[in-house]
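Below are some numbered remarks to read alongside the coordinates.

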Amino acid sequence: PASAILHAGPPAPKPRISAAIGVGGGVVGLAVARDIAAHGDSVVLLEKDSSLISGASSGNSGIGCTGYDAPPASLERRLLRRSISRHPWLYRTFGLGYEHVDKCGALVVAWTEEEALLLDQIVHENHAAGDTEAEKIGVAELLAMEPTLSGKAVGGVWIPREVVVEPWLVPIAWAESARVHGADMRLGQEVCSAIRENGVWVVTTKSGEEFRSRVLVNCAGLY
């Protein structure tokens, strides 16, 4: 009836439209949210669990690769090389020092003569990726570096630029930087649907909340 319409009140306002929504609060999702926020755009990060970095990122080994084993000219290799150049500056802005990075390098070990034939190609791939310090080494050098290595090794490649970072503190630093730059991080928000309507993503979570954005970035890994 008309009287019901008159007293119904104004319709509920639609959720605001953010520049982007990120799904997943692991290291990748936090890095994406931080960069979007740092560029001055609004971003909402949705994490299904009650805490950040609780999925695959919580068991991250922290290995920083040089990218030699990624396909040449691939996006993966370009991003790995870009991350190497960005890390020192980013760590300083996060308030982290290089004591949080173990510049241990890496060894690729050949255990058979067939594998030894591939070592030159591994050196070539490293140089092509930009890591010109990688070099082929013999058994004596290999055992001098790793005395407990089995004597069955027949050769190897030394890759000095590979590192191991602190796998928990670095993502936490991404999260804090994202917060400082204004990212809206929502915990306990498991995404159950995402539909694009008239150029806008409409994302609904199991709690019944609805979020809208112009861009949607899925960082939920294998979930």
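1. Let me start with Lys136 and Asp120, whose side chains meet in a salt bridge at 3.4 Å, N to O. This pair links distant parts of the chain, with Lys136 in strand β6 (residues 135–137) and Asp120 in helix α5 (residues 119–129), 16 residues apart. Please keep in mind that this is a predicted model. Lys136 counts as partly exposed because its relative accessibility is 42%, and Asp120 is partly exposed too, at 47%.

2. A second pair worth a look is Arg161 and Glu133, which form a salt bridge with their closest N and O atoms 3.2 Å apart. Here again distant parts of the chain are linked: Arg161 sits in the loop between β7 and β8, and Glu133 in the loop between α5 and β6, 28 residues apart. Glu133 has a relative accessibility of 42%, so it counts as partly exposed.

3. How many salt bridges are there in total? The count comes to eleven. Lys48 and Asp49 supply one of them, at 3.4 Å from N to O. Lys48 is partly exposed, with 33% relative accessible area, and Asp49 is likewise partly exposed, with 26%. You will also find Arg34, Asp35 and Arg86 linked in a network of salt bridges.

4. Glu162 lies in the loop between β7 (155–159) and β8. Setting aside neighbours within four places in sequence, the contacts of Glu162 include Cys65, Thr66, Tyr68, Lys103 and Cys104. I would have a look at this site in the viewer.

5. Next comes helix α7, which has twelve residues. From its first C-alpha to its last, α7 reaches 16 Å, close to the 16 Å expected at 1.5 Å a residue. Its buried residues are Val170, Pro171, Ala173, Trp174, Ala175, Ser177 and Ala178. As a reminder, an α-helix has 3.6 residues a turn, so residues three or four places apart point the same way. The cover over the buried residues of α7 includes α2 (27–38), α3 (75–94), β8 and β9 (184–186). After α7 comes Gly182, with a positive phi near 100 degrees.

6. On the surface, Trp168, Leu169 and Ile172 form a nonpolar patch with about 260 Å² of accessible area together. Trp168 is placed in the loop between β8 (163–165) and α7 (169–180). This tryptophan, Trp168, counts as partly exposed because its relative accessibility is 44%.

7. Finally, two backbone angles. Ile53 has a positive phi, near 55 degrees, in a residue other than glycine. Ile53 is in the loop between β2 (43–46) and β3 (63–64). Is Ile53 buried or exposed? It is buried, because its relative accessible area is 2% and the cut-off for buried is under 20%. Asn198, also a residue other than glycine, has a positive phi near 50 degrees and is found in the loop between β10 (191–197) and β11 (200–205). Asn198 counts as exposed, with 84% relative accessibility.

Conventions. Residues are numbered from 1 along each chain as its sequence is written. This is a predicted model: local features need pLDDT of at least 70, side-chain atom pairs count only at pLDDT 80 or more; totals for chains, interfaces and linings use all residues. Side-chain values use heavy atoms; hydrogens and water are left out. Patches are made of residues with over 30% relative accessible area and no salt bridge: like charges are joined within 9 Å, nonpolar side chains (Val, Leu, Ile, Met, Phe, Trp, Tyr) within 5 Å. Accessible areas come from the Shrake-Rupley method with a 1.4 Å probe; for residues, only the protein chains shown count as cover. A salt bridge is a side-chain nitrogen of Lys or Arg within 4 Å of a carboxyl oxygen of Asp or Glu. Helices (H or I, at least four residues) and strands (E, at least two) are DSSP runs, numbered from the N terminus. Buried means under 20% relative accessible area, exposed over 50%, partly exposed in between (1.4 Å probe, protein chains only). Contact means heavy atoms within 4.5 Å. The expected span of a helix is 1.5 Å times one less than its number of residues.
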